[in-house]
Amino acid sequence: MADAAVWVDRISRPDASSEEAAAFERWMGESETHRRAFADLAALWRSDALAEAAGDAARAAPRRREGAPLWRLGVPAAVAAACAATAVLFTPWMDHRTLETARAEQREVRLADGSLVRLSGASRLVVRQSPVRRTAVLEQGEAFFDVRHDGRAFAVSADEGDVEVMGTAFNIDRLSSDRIEVALYRGAVQVRGRSKETMVLRPGERVVLERGRLQRGAPLGGDRPDWIDGWFDTQDASLEQLVEELDRFSAKPITLDSAVRRMRISGRFQVNEPQSVLALIQTAYGVRVSEDKDRIRIDRGDL
């Protein structure tokens, strides 16, 4: 309990170091007793009962016996709070898991800290939250984050760069192994590429990271990504960009011939209806769409 009290104090400080975070995680991982002790004291630390106990102690102080330790005063309130806290095995600060979606699936998950994450199809996100830091790695796909502000930074990595926030709403689209797009809907984020170049986004702005470099994209519309409602809206995008989004809603993988990847398209496409979009682009852009039992192919056709 003494060790747990020290850790509650140390991780509550805004200047807690990464070395302290690593040491704390090792201590927490050593035993269930450590985790239970920390949870009990952390819950007491955050509860109203602590202030009540302090008030009881202050009021009782004149009546204490000579030599009686101060910590004995206000025990009933403190014990009541501690008993209530015993139901807490892990604090809201801890969240270690991997979130995944299948093709054509969307998933909404509330993290332990209260933040909300929504995953598009064929996506995978690894979440790691401790009392000192909150991190996530987008290994594939696309995710929308509505981050709850609690004093800890929230950082998301995706090969080409990192996004750091406090409390905000933003979207990350991992378009390929060397290209991602970050769009901000509320708050502020700092985006850093592999080249160490940084850019601060304001609501309504987006940035594309490609091969470690940052480039501003077209302004946003609306208060959340179009894909959540099943749409892809563009005034000037490549066919490859549309197919990347469409592929997440398709039960079968969609492959695109290199000869038509950079074809420019415009319009509003209902990507949660893949067959309708495929029929539309075949008619409007003259490409050929073919399908077998394993995949869908788009190529030049009669171009």
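Is Ser-238 buried or exposed? Ser-238 counts as buried, at 7% relative accessibility. Buried means under 20% relative accessible area, exposed over 50%, and partly exposed in between (1.4 Å probe, protein chains only).

## About the model

This is a predicted model: local features need pLDDT of at least 70, side-chain atom pairs count only at pLDDT 80 or more, and totals for chains, interfaces and linings use all residues. Residues are numbered from 1 along each chain as its sequence is written, and side-chain values use heavy atoms, with hydrogens and water left out.

## Ser-238 and its surroundings

Ser-238 belongs to strand 14 (residues 232-238). Helices (H or I, at least four residues) and strands (E, at least two) are DSSP runs, numbered from the N terminus. Set aside the neighbours within four places in sequence. Ser-238 is then in contact with Arg-261, Arg-262, Met-263, Arg-264 and Ile-265. Contact means heavy atoms within 4.5 Å.

Helix 6 covers residues 239-249. Of its 11 residues, 10 are buried, so helix 6 is largely enclosed by the rest of the structure. Among the buried ones are Leu-239, Leu-242, Leu-246 and Phe-249. These residues meet Pro-274, Val-277, Leu-278 and Ile-281 in helix 7. In general, an α-helix has 3.6 residues a turn, so residues three or four places apart point the same way.

Helix 7 spans residues 274-285. The two helices pack at an angle of about 155°, with their axes 10 Å apart. Axes are lines fitted to C-alpha atoms, for helices over the stretch in contact, and angles run from 0 to 180 degrees between N-to-C directions. Helix 6 and helix 7 are therefore roughly antiparallel to each other. Angles under 35 degrees count as roughly parallel, over 145 as roughly antiparallel, 65 to 115 as roughly perpendicular and the rest as oblique.

## A three-stranded sheet

Helix 6 also lies across strand 15 and strand 18, running at about 170° to strand 15. Which strands make up the sheet, and in what order? Three strands form an open sheet in the order 15-18-17, with mixed pairing. Strand 15 (254-256) and strand 17 (288-291) stand at the edges, each with a single partner strand, so one side of each is left without a neighbour in the sheet. From one strand to the next, the twist averages 20°.

Strand 17 and strand 18 (residues 296-299) run antiparallel and are joined by four bridges. Two strands pair if DSSP finds at least two bridges between them. Arg-288 has Asp-299 in strand 18 as its bridge partner.

## A hairpin

Strand 12 (residues 206-210) and strand 13 (residues 213-216) also run antiparallel, and four bridges join them. Val-207 stands opposite Arg-216 in strand 13. The two strands form a hairpin with two residues between them. In the turn, Arg-211 has a positive phi of about 55°.

## Two loop residues

Ser-123 sits in the loop between strand 3 (116-119) and strand 4 (124-129). Ser-123 counts as buried, at 1% relative accessibility. A polar atom of its side chain lies 2.9 Å from the backbone nitrogen of Glu-142.

Gly-114 is in the loop between strand 2 (107-110) and strand 3. At 21% relative accessibility, Gly-114 counts as partly exposed. Gly-114 and Arg-148 are 34 residues apart in sequence, and 5.9 Å apart in space, C-alpha to C-alpha.

How values were computed
Polar contact = N/O pair within 3.5 Å; in protein donor to acceptor, adjacent residues only side chain to side chain.
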